[in-house]
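User: Hi! I am new to protein structures and would like to learn how to read salt bridges. Could you walk me through an example?

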Amino acid sequence: MIYLGLDLGSKTLGVAFSSSGIIAMNLETYRFSEDDYDSAIAYTVNKINELKVDVVVLGLPKHMNNDLGIRGEISVSFKEKLSSKTNAKIILYDERLSTKTARLVLSNQNKKKDKQKKLKDEIAAVVILQAYLDSIN
């Protein structure tokens with residue numbers, strides 16, 4: 001099974017990848033115009049086809065009280081649109097604290113602030129995908 005992990009923001013899509021189903025690796029950050037989710041979907045469909053992805057794990061941002069806010073609703077809508085354009089299985093996975101964890105990982109690696117900013121979305125995608133992989137293994 002080939003896995004793709006996604007951390008969806010309003011202008012960026014962090015992307016992680018796993019060909020083993022055991023370890024997630026950062027792949028890249030796709031940048032798009034603010035709220036242009038159609039562009040992010042087109043990019044994701046191309047990436048799914050290019051990498052022959054079986055399962056996409058899309059981060060689902062929730063509030064700490066488990067409520068779904070506007071960002072969560074955007075992720076649900078993104079999943080629905082993506083599902084209509086690919087045969088890959090799309091899974092929404094709780095991503096609470098993934099960006100905070102990504103920032104902590106990057107700061108512990110002594111990455112400079114500008115490098116941290118560039119990598120935080122794809123590292124957040126790694127955190128999301130790795131948490132999912134750990135939950136199924």
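Here we go through the salt bridges of this structure.

Analyst: Happy to! This is a predicted model, where local features need pLDDT of at least 70 and side-chain atom pairs count only at pLDDT 80 or more, while totals for chains, interfaces and linings use all residues. Residues are numbered from 1 along each chain as its sequence is written, and side-chain values use heavy atoms, with hydrogens and water left out.

User: What is a salt bridge, and how many salt bridges does a search of the whole structure find?

Analyst: A salt bridge is a side-chain nitrogen of Lys or Arg within 4 Å of a carboxyl oxygen of Asp or Glu. The search finds 3 of them.

User: With which residue does K47 form a salt bridge at 3.1 Å?

Analyst: That partner is E28. K47 lies in helix α1 (residues 37-51) and E28 in strand β3 (residues 25-31), so the pair ties together parts 19 residues apart in sequence. Helices (H or I, at least four residues) and strands (E, at least two) are DSSP runs, numbered from the N terminus.

User: Is K47 buried or exposed?

Analyst: K47 is buried, at 11% relative accessible area, while E28 is partly exposed at 27%. Buried means under 20%, exposed over 50%, and partly exposed in between (1.4 Å probe, protein chains only).

User: Which residues does the network with K47 join?

Analyst: K47 also bridges to E50, with the closest N and O atoms 3.4 Å apart. These two are 3 residues apart in helix α1, so about one helical turn separates them. E50 is exposed, at 53%. Through shared partners, salt bridges join E28, K47 and E50 into one network.

User: Where do K120 and D121 come in?

Analyst: Their side chains meet in a salt bridge at 3.2 Å, N to O, and both K120 and D121 are buried.
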